[in-house]
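Please open the structure in a viewer and have the selection tool ready.

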Amino acid sequence: MKNLTKNLGLCLTLVAGLSAANAAMAQEDNYRFTILTQTGVDNTFWQTIKRGMDDACADYKVDCQLLFNQENGNLQQHLQNLETTIAQGVDGIGTVIVEDNLYDEAIARAVDSGIPVVTLNVDDTQGADGNARLAFIGQDLFQAGYEVAKGLLVDMDKTQPQHVLLGLARPGESWAEDRIGGARKYLDEAAADGWNLTHETIDSANDLSITGQRICQYVQGNDKTTAVIGAGFWFAGAGECLRDLGIEKDQIRMGGFDLVPILLDEMNKGYVHLTVDQQPYLQGYLPIQQLYMIKKYGLSAYDANTGKALIRPDDVASVEKYVGMGVR
């Protein structure tokens, strides 16, 4: 974990150094950049992305906004926000692509009209081959799902029956499908390699209380469940009802994604065993930095993989400070 913290420090130092150097050259260019998401404002993870965006906008002296959805997960509303942003003639756009075909025409039209568009957090599953966006800043979601499953099984006995519940938070949305697809791939490989292992996928939703209820209802009906993998952080909501059911800590191993307070709290209580940090601060900072460089200096966009650091209970103390700062 020391290396992870050191690497994060180096990465943030690099960002700070770049921003300081370029902010010194920044004029009042009156650039307007907009980032859009399909989630609601109550999404804790996206508040860290907003913190990164806000810091970049201050460093580069540009006008920025992050458009949340009024209704969480309403893709048509997200598309309409994108259309409105394009019509406003902003200087650059960062957005998620959570459905491969829905945004193709709008983004191509924006790029053709001279508005650079980069994706963050979630990309078209075909990357640049599937959409006209210029670059992607975020995690390799499929690989991260693979690593979660691999990391969660490390301390489990391959000779004993293991049944893993996979929580697909938003069926049909590429970020959830990719993460659970990666986890499923590793579990299938493990079974082929001699593990006594089965798995099942359910629609687990992306709401802490609803997800918690669905996981606990599944566990009640499937008492052989030994592990849970969630596509986001909402699976941590199961901790309370698992305790109510009399499930002891470590009896069911749980893993998923992101660093948010409830997940870290459940780690401390022994009900979450693994999570993956994709560094959302960088997913907010780097798109603004790139859009500024494109508009100011004509530089090209570039992909940035923001990582797949595995965080375990022993690591909580060393990351909580950064979570409190709003940068992890």
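The stops below concern the domains, the interface between them and a sheet.

The model is a predicted one. Begin by colouring the chain according to its domain assignment: select 30–139 together with 279–307 for domain 1, and 142–277 for domain 2. The C-alpha centres of these two domains are separated by 29 Å.

Next, display the interface. Here 17 residues of domain 1 make contact with 17 residues of domain 2. The two domains bury about 1100 Å² between them, and 49% of this area lies on carbon and sulfur atoms. Select Phe45, Val98 and Gln139: these residues supply 36% of the area that domain 1 buries against domain 2, more than any other three residues.

Which kinds of polar interaction cross the interface of domain 1 and domain 2? There are 4 residue pairs in polar contact between the domains, while the number of salt bridges found is 0. Colour by class the side of domain 1 that touches domain 2: it has 9 polar, 6 nonpolar and 2 charged residues.

Now turn to the strands. An open sheet is formed by 6 strands in the order β2-β1-β3-β4-β5-β11, with parallel pairing. To find its edges, select 63–67 for β2 and 304–305 for β11, each of which pairs on one side only.

Finally, select residues 32–36 and 92–95. These are strands β1 and β3, which run parallel and are joined by 4 bridges. Within this pairing, display threonine 34, which stands opposite isoleucine 93 of β3.

Definitions and conventions: Residues are numbered from 1 along each chain as its sequence is written. This is a predicted model: local features need pLDDT of at least 70, side-chain atom pairs count only at pLDDT 80 or more; totals for chains, interfaces and linings use all residues. Side-chain values use heavy atoms; hydrogens and water are left out. Domain bounds come from an automatic or database domain assignment. Contact means heavy atoms within 4.5 Å. Buried area is the accessible area (1.4 Å probe) that two parts lose on being put together, summed over both. A salt bridge is a side-chain nitrogen of Lys or Arg within 4 Å of a carboxyl oxygen of Asp or Glu. A polar contact is a pair of N or O atoms within 3.5 Å; within protein, one must be able to donate a hydrogen and the other to accept it, and residues adjacent in sequence count only if both atoms are side-chain atoms. Ala, Val, Leu, Ile, Met, Phe, Trp, Tyr, Cys and Pro count as nonpolar, Asp, Glu, Lys and Arg as charged, and the others, Gly among them, as polar. Two strands pair if DSSP finds at least two bridges between them. Helices (H or I, at least four residues) and strands (E, at least two) are DSSP runs, numbered from the N terminus.
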